[in-house]
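Please take a moment to look over the sequence and the model shown below.

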Amino acid sequence: MSHGLKIISLAADPFGWQWNLFGTLHSYRAPILPDMAVVWHSQVGLILIGHVVSVWVAHRVALQVFGVRGKAMLSHLPMLALMIGFTIAGLWILAQPLTALRFL
């Protein structure tokens, strides 16, 4: 994944022998990564938006199929419960610490 960001420096030294063929060996070595808080908040937002949109789309489809609003609402109550469960599970997974236990 990070090799795509370093393509210019990798082209100057394709075998890792410190050749510096094009004079760009030490150019663009650090990957451009956003702050972890930005990544985490965007993941939370995308989970919430995606699940809300999916419930809304399912309601629109059910409304077209049944034609009656009451039947459409009752028809996708199981899906609504499932999406609430998926949202809780996704947010719980994001809330877990990113550390690994090391056993000696």
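Predicted model: local features only at pLDDT ≥ 70, side-chain atom pairs only at ≥ 80, totals over all residues.

## A tryptophan in a loop

Is W19 buried, partly exposed or exposed? The relative accessible area of W19 is 41%, and because buried means under 20% and exposed means over 50%, W19 counts as partly exposed.

When the neighbours within four places in sequence are left aside, W19 is in contact with A12, D13 and P14.

## The protein as a whole

The protein has four helices and zero strands, so that reading along the sequence gives the pattern α-α-α-α. Of the 104 residues in the protein, 15% are buried, and the protein exposes about 8500 Å², with carbon and sulfur atoms supplying 73% of that area.

Contacts can also be sorted by how far apart the partners lie in the sequence. Among contacts between residues at least 6 apart in sequence, 35% join residues that are at least 24 apart.

## Helices α2 and α4

Two packed helices are described by the angle between their axes and by the distance between those axes. Here the axes of α2 (residues 36-66) and α4 come within 10 Å and cross at roughly 175 degrees. Because angles over 145 degrees count as roughly antiparallel, α2 is described as roughly antiparallel to α4.

Which residues of the two helices meet? On the α2 side they are W40, Q43, V44, I47, L48, H51, S54, V55 and A58, and on the α4 side they are M79, L80, M83, F86, T87, G90, L91, L94 and A95. Sorted by class, the contact of α2 with α4 has 13 nonpolar residues, five polar residues and no charged residues.

## A histidine between two helices

Where is H76 found? H76 lies in the loop between α3, which covers residues 69-75, and α4, which covers residues 77-95. The relative accessibility of H76 is 10%, and therefore H76 counts as buried, since the cut-off for buried is under 20%.

The surroundings of H76 can be described in two steps. The side chain of H76 reaches the backbone oxygen of A72 at 3.1 Å, and, not counting residues up to four places away in sequence, H76 touches A58, H59 and A62. One of these, A58, is also among the α2 residues that meet α4.

Technical notes. Residues numbered from 1 in each chain as written. Heavy atoms only, no water. Buried < 20%, exposed > 50% of the residue type's maximum accessible area, 1.4 Å probe, protein only. Polar contact = N/O pair within 3.5 Å; in protein donor to acceptor, adjacent residues only side chain to side chain. Contact = heavy atoms within 4.5 Å. Axes fitted to C-alpha atoms, helices over the stretch in contact; angles between N-to-C directions. Parallel < 35°, antiparallel > 145°, perpendicular 65-115°, else oblique. Nonpolar A, V, L, I, M, F, W, Y, C, P; charged D, E, K, R; others polar. Areas by Shrake-Rupley, 256 points an atom, 1.4 Å probe, with all protein chains shown as cover.
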